[in-house]
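I opened this entry to log what I looked up, one item at a time. The coordinates come first, my notes after.

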Amino acid sequence: MKDLKLAAARPDGTRTVVDVLGVRVGEGLVVIAGPCSVESEEQTVRTAIAVKEGGAQMLRGGAFKPRTSPYAFQGMGLKGLKILDKAKRETGLPIVTEVIDTRDVSWVGEYADVLQIGARNMQNFSLLREVGKSGKPILLKRGMHSTVEEWLNCAEYILAEGNDKVILCERGIRTFETYTRNTLDLSAVQAVRRESHLPVLVDPSHGTGIRSMVDPMSLAALVAGADGLEIEVHVCPESALSDKDQQLTPAQFSRLMERLRRLEAFMEELGPADPDMASGGAAASSPGGGSDGAGRGATGGGKSGEPGSR
Ligand code: PEP
Ligand code: MN
């Protein structure tokens, strides 16, 4: 990927860890959970307490919702951000929330610990520049019509503004398949790990759109090398104002977290893939580097510009 200067994998294989109020993204599994949308103080605070109890390290919740229809619930805006702030004070969880407009970046940044750039805005270059200037940690979702190369170039826009706190998130792409809401591209996790030093998460909620698929695809994402997950959880999914079919109940989330922790321990025991496959460059084992003992190192190890090489 010839145009990547700052996002490209480093020759020594070291990888970036983004610190969010002490939560280290890129160093062991990090789980961000919470409702699709902030709908009320009660719904958000109750969900925040529940996901914290389940083991989430950060709280997500949209106050600005980029909806397909202009008549659908658009989010609570400033009121929603204030509710997220309350939830943060109750639980201590850092807040991840989406910003959709360049004019909002600085004041949304006063409430957000991580600014999320949604799939629909991945290539909104002025927004990328603005969040780059903010210096806040940025969660950059993959556009639903975007290649890995386009996605990494969008990370480059943020990095080029002097902001090195970029976290990527695979959330599914549009394909001919319509059974699922999107096609969750787990191979993109390995592609990112080969081509970049940036941490990469997976969002199995938007990636599938189907509640019962969130658990298996979360486990699959961990095996595929994800540094973490972003999962939608709602105290009462059937009454949710957005994405009701994909949000987990708190009990389902807690069970999933338990299974993830057990899988993580098992992968530690399993060890990394064939060390020869993980030694060809970006994946080389080094301090904080590609192969992390949990089997999450890139398995390809080809040189940049050789996609698919083994
Ligand atoms: C979200 O996470 O709230 C969201 C809208 O996701 P995406 O941008 O991936 O569709
Ligand atoms: Mn959603």
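I started with strand β8, residues 166-170. Five of its five residues are buried, so β8 is largely enclosed by the rest of the structure. This is a predicted model, and I read it as such.

I then checked the two faces of β8. V166, L168 and E170 are buried on one side. I167 and C169 are buried on the other.

Next I looked up the neighbours of β8. β7 runs parallel to β8, joined by four bridges. I found K141 opposite C169 of β8. From β7 the chain passes through α5 to reach β8, a right-handed β-α-β crossover.

For strand β9 (residues 200-202), I counted three bridges to β8, again parallel. E170 has V202 in β9 as its bridge partner. The path from β8 to β9 goes through helix α6 (residues 187-195), and this β-α-β crossover is right-handed.

I turned to ligand 1. Which residues surround it? I listed C36, G62, E98, G118, A119, R120, K141, R171, D203 and H206. This shell splits into five charged, three polar and two nonpolar residues. K141, noted above opposite C169, is one of the residues around ligand 1.

Helix α4 (residues 125-134) came next. Its buried residues are L127, L128, E130, V131, G132 and S134. Their cover includes α3 (105-108), β6 (114-117), β7 (138-141) and α5 (148-159). Just after α4, I noted a positive phi of about 75 degrees at G135.

Last, I took the totals. The protein has nine helices and ten strands. Of its 310 residues, 53% count as buried.

Terms used:
Residues are numbered from 1 along each chain as its sequence is written. Chains are lettered from A and ligands numbered from 1 in the order in which they are written. This is a predicted model: local features need pLDDT of at least 70, side-chain atom pairs count only at pLDDT 80 or more; totals for chains, interfaces and linings use all residues. A residue is buried if 20 or more other C-beta atoms lie within 10 Å of its own, exposed if 12 or fewer, and partly exposed in between; C-beta atoms are placed from the backbone. A residue is near a molecule or strand if its C-beta atom, placed from the backbone, lies within 6 Å of it. Ala, Val, Leu, Ile, Met, Phe, Trp, Tyr, Cys and Pro count as nonpolar, Asp, Glu, Lys and Arg as charged, and the others, Gly among them, as polar. Two residues are in contact if their C-beta atoms, placed from the backbone, lie within 7 Å. Two strands pair if DSSP finds at least two bridges between them. A crossover is right-handed if, with the strands pointing away from the viewer, the path from the first strand over the helix to the second runs clockwise.
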